[in-house]
Amino acid sequence: MEREGNDYDLGGDKSLPVSSSLDDNDKNSILNSTLLLDHVGEVTLTFHSNGLSWKLMEPLENDVSSCLGIKYVSKIVTEIKLSDIYAVELIDNRLTHISNLPRTTERTCSGHDIKMYYFTVHGFIRSKNQPSQWILAEYTFGHKHLQTCQMWVNQLNESLKLEIERPKNLLVFVHPRSGKSNGCRNWEAVAPIFSRAKVETKVIVTERAGQAFDMMSNITNKELNSYDGVIAVGGDGFFNEILNGFLSPRLKAPYPPTPPDFVHSAKDNGDSLVVDENEILEETSSQSEDQFPLISSPNQRAPKISNSNSEDKAPEFPVPNEWFRFGIIPAGSTDAIVICTTGTRDPITSALHIVLGKKVHLDIAQVVRWKTTPRSEVEPFVRYAASFSGYGFYGDVITESEKYRWMGPKRYDYAGTMVFLKHRSYEAEISYLDVGLEETNSTSKRNRESSLLQSLKAQRRAERCICRINCKVCNEKPNNAATEICSLTPHLYSEKRWVKSKGRFLSVGAAVISCRNEKAPDGLVADAHLSDGFLHLILIKDCTHASYLWHLTQFTRRGGSPLNFKFVEHHKTPAFSFTSSGNESVWNVDGEMFQAHQLSAQVFRGLVCMFATGPAV
Ligand SMILES: Nc1ncnc2c1ncn2[C@@H]1O[C@H](COP(=O)(O)OP(=O)(O)OP(=O)(O)O)[C@@H](O)[C@H]1O
């Protein structure tokens, strides 16, 4: 029997702006057509206010399975939200042989090739096993009239234009030697997603360490304003370099608060100064060319700031900036920042987060190294960290691992074992701002009875709140405890108490985010958030080898278990300072290393925005 109304084949064009004749489900629809869905069959496609849905006109033979005489139609995707569509493309007409068409059509016009026009809707679906992972999905619809396909493409593109958070122009830095030297390959894998989405990209493949820093610090604000964001194709260290190049000449903020007895030298004449806030503001915005690390690995050339464009930079590019976002296409050795912000380490998922214009705020730590030697001219030396800063074990592992870069990501395991076996501890004094028990799960009250500790342990585990999409903690309005860039004035700290921890430390770590990675899926500090306004200080006092090993394994398995050991302190704080008796170890600030006798740090809540959503639930 002849079937009527096969739009793509025989009947007239039945694509129409929706009228009252549509059934209830289609009431809110904008467009409705009968089309051929590639590899599926004839469908009724409906465009609703929030996306597309389609109904199979008749189940295909090969799409039906039967068991004990009961027929099951396989589960085919039948809808996609507009927010999950990143591109719509018209495809040149192509000949479709009759045998490729559904059986209903074959009966009506056997033996001919027919000319069809197609358009493809590009989007994504969430992986069933790993909800944070997004998988590319494309749906190709055909019709014999070009106008019908064109109408759908136009209509969809008009609606996509209303998704105003999506970027149009991006600056992309590719680190070709990152991780297992996959930088270029990873970029090539995702570049088609950007071109389909019609996102313009200016791509720079770096030739040396420090190049991205130089370019980001020297780029004029006019040019920077022409981009919606900057993308790093590489690892955490590379992202850190770009972030520092961006922030160093642009962020205007006082240096971190310090305790009254923390006397640092802000001038190179060796005089100790009480730091004048106004002077600091000036100094931050006009850092000298001499600012580079004392220690840098062979392939980490010290980046230099040139101030040739300083006039151009100051007023026109505000920081924080809600619009200008950062993105990462992972290609590094650990990729902790990308795992914390997207929940996975997948270049495709990251590219989709970027083209769909997702947005999540990220805390940034400002780390300031004070005068190293009386004659040194490079202080204060300022760096910014998005994930982690650490001294002792963390500095030594990175220093050691740089000798074995040729091993790729495995160098961290090797270097970690070597450093662990050496078991070196360092004399240091750490002061941190106490924000009160109600605002932190700090273990600062170390003199409590052990029974009280036990009950707290259970309670705090239950309180542990992991950062996810739409995380409640990150979305909370900032309070005084959590430092905000706009409230960054010293008087704010006067009410806070400085607490000291002194002795020999195996490591001093300050996590800005949880630092999830493949070895520690919960992160080094499971309850650190993307935007809680705290640094999570993890202080490990000298202890036995066995105890330290236990701690390290707890750390990687459970995202830190601070109450388990006396020698472990975990404090949530907006700022801390550090003094060591000698320059024995190095500070690792997101992969960049330098010696510091005196150092102070603070966190800026939600200072930058990332193209991401946070990990899925
Ligand atoms: N073309 C280049 N050649 C050598 N080094 C480079 C180049 N481009 C950037 N770098 C430097 O390499 C360092 C490490 O890069 P990246 O973070 O991408 O890799 P990784 O260390 O393998 O990964 P992760 O930081 O995730 O552990 C960066 O700090 C950056 O300064």
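This is a predicted model: local features need pLDDT of at least 70, side-chain atom pairs count only at pLDDT 80 or more; totals for chains, interfaces and linings use all residues.

Which residues of β22 are buried, and which strands pair with β22?

A: Happy to! Let's begin with strand β22 itself, which covers residues 575-580. Six of its six residues are buried, so β22 is largely enclosed by the rest of the structure. Both faces are covered: Ala575, Ser577 and Thr579 are buried on one side, and Phe576, Phe578 and Ser580 are buried on the other.

Now for the partners of this strand. β22 pairs with β18 (residues 426-434) in the antiparallel sense, over five bridges. Within that pairing, Ile430 has Phe578 of β22 as its bridge partner. β22 also pairs with β25, again antiparallel and over five bridges. There, Ser577 stands opposite Ser600 in β25.

β19 then leads us to a helix. The buried residues of α11 pack against β19, and also against β17 (388-392), α12 (411-422), β23 (587-589) and β24 (592-594). Helix α11 spans residues 393-402 and is mostly covered, with seven of its ten residues buried. Those buried residues are Phe393, Tyr394, Gly395, Asp396, Val397, Ile398 and Ser401.

The largest nonpolar core has 137 residues, and the members that touch the most others are Ile242, Val355, Ala365, Ala511 and Val512. Strand β25 (residues 598-610) supplies the largest share of this core, eight residues. Domain 1 (16-161) and domain 2 (169-610) both give residues to the core, so it lies between them. As for Ile242, its contacts beyond four places in sequence are Phe173, Ala212, Met216, Val230 and Ala232.

The domain assignment places domain 1 at 16-161 and domain 2 at 169-610. Their contact takes ten residues from domain 1 and twelve residues from domain 2. On the domain 1 side, the elements that give two or more residues are β8 (85-97), β9 (113-126) and β10 (134-143). β8 gives the most to that side, with three residues. By class, the domain 1 side has five nonpolar, four polar and one charged residues.

Arg177 counts as partly exposed because it has 17 C-beta neighbours inside 10 Å. Between Arg177 and Ser376 there are 33 Å from C-alpha to C-alpha, and the two are 199 residues apart in sequence.

Most residues other than glycine have a negative phi, and most peptide bonds are trans. The peptide bond from Val319 to Pro320 is cis, with omega near 5°, and Pro320 has its place in the loop between α8 (310-313) and β14 (325-330). Lys198 is not a glycine, yet has a positive phi of about 60°. Lys198 sits in the loop between α3 and β12 (200-205) and is partly exposed, with 14 other C-beta atoms within 10 Å. Asn470, also not a glycine, has a positive phi of about 50°. Asn470 lies in the loop between α13 (450-463) and α14 (472-475) and is exposed, with 10 other C-beta atoms within 10 Å.

Finally, let's step back to the whole chain. Its secondary structure comes to 16 helices and 25 strands, and buried residues make up 44% of its 617 residues. Among contacts between residues at least 6 apart in sequence, 75% join residues at least 24 apart. As for the strand we began with, β22 has all six of its residues buried and pairs in the antiparallel sense with β18 and with β25.

Definitions and conventions
Residues are numbered from 1 along each chain as its sequence is written. Domain bounds come from an automatic or database domain assignment. Two residues are in contact if their C-beta atoms, placed from the backbone, lie within 7 Å. Helices (H or I, at least four residues) and strands (E, at least two) are DSSP runs, numbered from the N terminus. Ala, Val, Leu, Ile, Met, Phe, Trp, Tyr, Cys and Pro count as nonpolar, Asp, Glu, Lys and Arg as charged, and the others, Gly among them, as polar. Two strands pair if DSSP finds at least two bridges between them. A residue is buried if 20 or more other C-beta atoms lie within 10 Å of its own, exposed if 12 or fewer, and partly exposed in between; C-beta atoms are placed from the backbone. A nonpolar core is a set of buried Ala, Val, Leu, Ile, Met, Phe, Trp, Tyr and Cys residues joined through C-beta atoms within 7 Å.
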